[in-house]
Amino acid sequence: MDTTKKFDGRARDYTASRPTYSLELIDYLYQHYFTNDSIIADIASGTGKFTKQLLERGSHVYGVEPNDEMRHIAEEEFYQYEKFHSIAGRAENTTLQENFVDYVTVAQAFHWFDVQDFKKECLRIMKKGGKVFLIWNIREMQNPFNKEWHEICAKYCPEFQGFSNGIKRDDQRIRDFFNNEYESIAFENPLYFDREKFISRCLSSSYSLKEGDMEYENYIKELNALFQQYSNNGVVIVENQTVVYIGEV
């Protein structure tokens, strides 16, 4: 299956419930790398969760997204940003010109890419000395809530391979991409969900069952029960870190 189609029909849930990334991370990036003059290619930018955090700091951002539904939501939201440019392209074929961007960012998406083809594309579009930033929100799996959430997904969702498509910290794919030379930093970023937002977050995942699928009702029932068990005053706190890998390719 074309992985760019995995989020068809999920864009509204995605934009409504997916979290942003640690503000400490954003501060760090702008203290050490980015400026408001930086030209950044945000690859597989989706509905623009990370893109927006870059635009708010004034950088030029080229949001490269292959899924039409996701990309159109970003275009609707960011039309007022003169420095936002929406690009219908893929990680392995961005359509951007050669030696054009200062930096490449990827938030919550690298695990979908062909690593070697994406590396070639980064080398093509980046200026000399450019760096790539691979970013994820990663749930702390020692946490009981996250463990039970994982178990429910594994029980009901045939395409589930683990959160973030099963990618691990310092995954071999990351090491291969950076030729084993990169910096890794983690920032605390707890997530807060009310019941509606939690269910929407679950439905936004590429592997999630959709309404009408066999076992959908039981899937939602168990997710609701999980929320009820762990919530306090109508909110559940999900232990989570924003992790970034930084390097040249």
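## Exercises: sheet, core and salt bridges

Lys131 has a relative accessibility of 21%, so this residue counts as partly exposed. Buried means under 20% relative accessible area, exposed means over 50%, and partly exposed lies in between (1.4 Å probe, protein chains only).

The model is predicted: local features need pLDDT of at least 70, side-chain atom pairs count only at pLDDT 80 or more, and totals for chains, interfaces and linings use all residues. Residues are numbered from 1 along each chain as its sequence is written, and side-chain values use heavy atoms, with hydrogens and water left out.

**Exercise A: the sheet**

Find the strand order of the seven-stranded open sheet, then explain why one side of S3 and of S6 has no neighbour in the sheet.

*Solution.* 
- Strands (E, at least two residues) and helices (H or I, at least four) are DSSP runs numbered from the N terminus. Two strands pair if DSSP finds at least two bridges between them.
- Read the order: S3-S2-S1-S4-S5-S9-S6, with mixed pairing.
- Go to the edges. S3 (84-87) and S6 (183-188) each have a single partner strand, so one side of each lacks a neighbour in the sheet.
- Neighbouring strands are turned by 20 degrees against each other on average, direction ignored. Axes here are lines fitted to C-alpha atoms, for helices over the stretch in contact; angles run from 0 to 180 degrees between N-to-C directions.
- Look at one pair. S1 (residues 39-43) and S2 (residues 60-64) run parallel and are joined by five bridges.

**Exercise B: the largest nonpolar core**

Which residues touch the most other members of the largest nonpolar core, and which element gives the most to this core?

*Solution.* 
- Define the set. A nonpolar core joins buried Ala, Val, Leu, Ile, Met, Phe, Trp, Tyr and Cys residues through side-chain atoms within 4.5 Å.
- The core has 31 residues; Val104, Phe110, Phe118 and Leu134 touch the most other members.
- List the elements giving two or more residues: S1, S2, S4 (101-107), H5 (115-125), S5 (126-139), H7 (172-177) and S9 (240-247).
- S5 gives the most, with five residues.
- Beyond four places in sequence, the contacts of Phe110 are Val115, Phe118, Leu134, Trp136, Ile167, Arg173, Ile174 and Phe177. Contact means heavy atoms within 4.5 Å.

**Exercise C: salt bridges**

Where in the chain do the partners Lys127 and Asp102 lie, and which parts do Lys131 and Glu248 link?

*Solution.* 
- Set the cut-off. A salt bridge is a side-chain nitrogen of Lys or Arg within 4 Å of a carboxyl oxygen of Asp or Glu. The structure holds 11.
- Take Lys127 and Asp102. Their closest N and O atoms are 3.2 Å apart. Lys127 lies in S5 and Asp102 in S4, so the bridge ties together parts 25 residues apart in sequence.
- Take Lys131 and Glu248. Their closest N and O atoms are 3.6 Å apart. Lys131 is in S5, Glu248 in the segment after S9, 117 residues apart. Glu248 is partly exposed at 44%.
- Take Glu92 and Arg90. Their side chains meet at 4.0 Å, N to O. Both are partly exposed: Glu92 at 24%, Arg90 at 35%.
- Finish with a network. Salt bridges link Asp68, Arg71 and Glu75.
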